[in-house]
Amino acid sequence: MTIYNMIDYLSGTIEAIMMFMLFDSFFKRKDGLSNVFYLAGIAVLTAMIIISNKLFTYGMLNAIVVSVAFFAMSFLYDGNVAIKAVVSLLSLVLMAVIEIMVLYSIVLICKI
């Protein structure tokens, strides 16, 4: 396993955790679902993100698949479906902006 593979796996995990944290701030968790379901949701979303990144190599189709995965995981929460769709898209945009900011920070700090 190379360092690039480890980074892909870790970034998928962090993106999944961030998505669930974002949904926790916007929506109420469904009554009757234990924390085990949410941990399993994080694991499933992580796997979906990693597989999508490997198959579609960070293209537009990858963004669509990840958005659909975010939207699918939103059904672990109570709330309006339209609002869930908007939050799913906004979370993808937020993660893209964060990645761009990190990239530019690395470029400025390392003077690349």
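Phe75 sits in the loop between α3 and β2. Leaving aside neighbours within four places in sequence, Phe75 is in contact with Lys30, Val81 and Lys84. Contact here means heavy atoms within 4.5 Å. Take Lys30: it is 45 residues from Phe75 in sequence, and 8.8 Å away in space, C-alpha to C-alpha.

A word on provenance. This is a predicted model, where local features need pLDDT of at least 70, side-chain atom pairs count only at pLDDT 80 or more, and totals for chains, interfaces and linings use all residues. Residues are numbered from 1 along each chain as its sequence is written, and side-chain values use heavy atoms, with hydrogens and water left out.

Now the overall picture. The protein chain has four helices and two strands. Helices (H or I, at least four residues) and strands (E, at least two) are DSSP runs, numbered from the N terminus. In sequence order the pattern is α-β-α-α-β-α. The C-alpha atoms fill a box of roughly 50 × 30 × 25 Å, taken along the principal axes. The chain has 112 residues, and 29% of them count as buried. Look at contacts between residues at least 6 apart in sequence: 70% of these join residues at least 24 apart.

Next, helix α1. It covers residues 3–26, which is 24 residues. What span should we expect? At 1.5 Å a residue, 34 Å, and the end C-alpha atoms are 34 Å apart, so the two agree. The expected span is 1.5 Å times one less than the number of residues. The buried residues of α1 are Asp8, Gly12, Glu15, Ala16, Met19, Phe20, Leu22 and Phe23. Keep the helix geometry in mind here. An α-helix has 3.6 residues a turn, so residues three or four places apart point the same way. Those buried residues of α1 pack against α2 (35–56), α3 (60–73), β2 (77–78) and α4 (81–110).

First, α2. The axes of α1 and α2 come within 8 Å and cross at roughly 135°. Axes are lines fitted to C-alpha atoms, for helices over the stretch in contact, and angles run from 0 to 180 degrees between N-to-C directions. That makes α1 oblique to α2. For the classes, under 35 degrees is roughly parallel, over 145 roughly antiparallel, 65 to 115 roughly perpendicular, and the rest oblique. The crossing of α1 and α2 is right-handed. By definition, a crossing is right-handed if the near helix is turned clockwise from the far one by less than a right angle, and left-handed if anticlockwise. On the α1 side, the residues include Tyr9, Gly12, Ala16 and Phe20; on the α2 side, they include Tyr38, Ile42, Leu45 and Ile49. The contact of α1 with α2 divides into 10 nonpolar, five polar and three charged residues. Nonpolar is Ala, Val, Leu, Ile, Met, Phe, Trp, Tyr, Cys and Pro; charged is Asp, Glu, Lys and Arg; the others, Gly among them, are polar.

Now α4. Helices α1 and α4 pack at about 135°, with axes 11 Å apart. That makes α1 oblique to α4. This crossing is right-handed. From α1 the contact has Glu15, Met18, Met19, Leu22, Phe23 and Phe26; from α4 it has Lys84, Val87, Ser88, Ser91, Met95, Ile98 and Glu99. By class, that is eight nonpolar, two polar and three charged residues.

How far does α4 reach? Its 30 residues run 44 Å from first C-alpha to last, close to the 44 Å expected at 1.5 Å a residue. Buried in α4 are Lys84, Val87, Ser88, Ser91 and Met95. Their cover includes α1, α3 and β2.

Ser67 lies in helix α3. Buried or exposed? Ser67 counts as buried, at 10% relative accessibility. Not counting residues up to four places away in sequence, Ser67 touches Ser88, Leu89 and Leu92.

Ser52 is in helix α2. Ser52 is buried too, with a relative accessible area of 2%. Leaving aside neighbours within four places, its contacts are Thr57, Asn62, Val65 and Val66.

Last, Ala47, in helix α2. Ala47 is partly exposed, with a relative accessible area of 34%.

Technical notes
Buried < 20%, exposed > 50% of the residue type's maximum accessible area, 1.4 Å probe, protein only.
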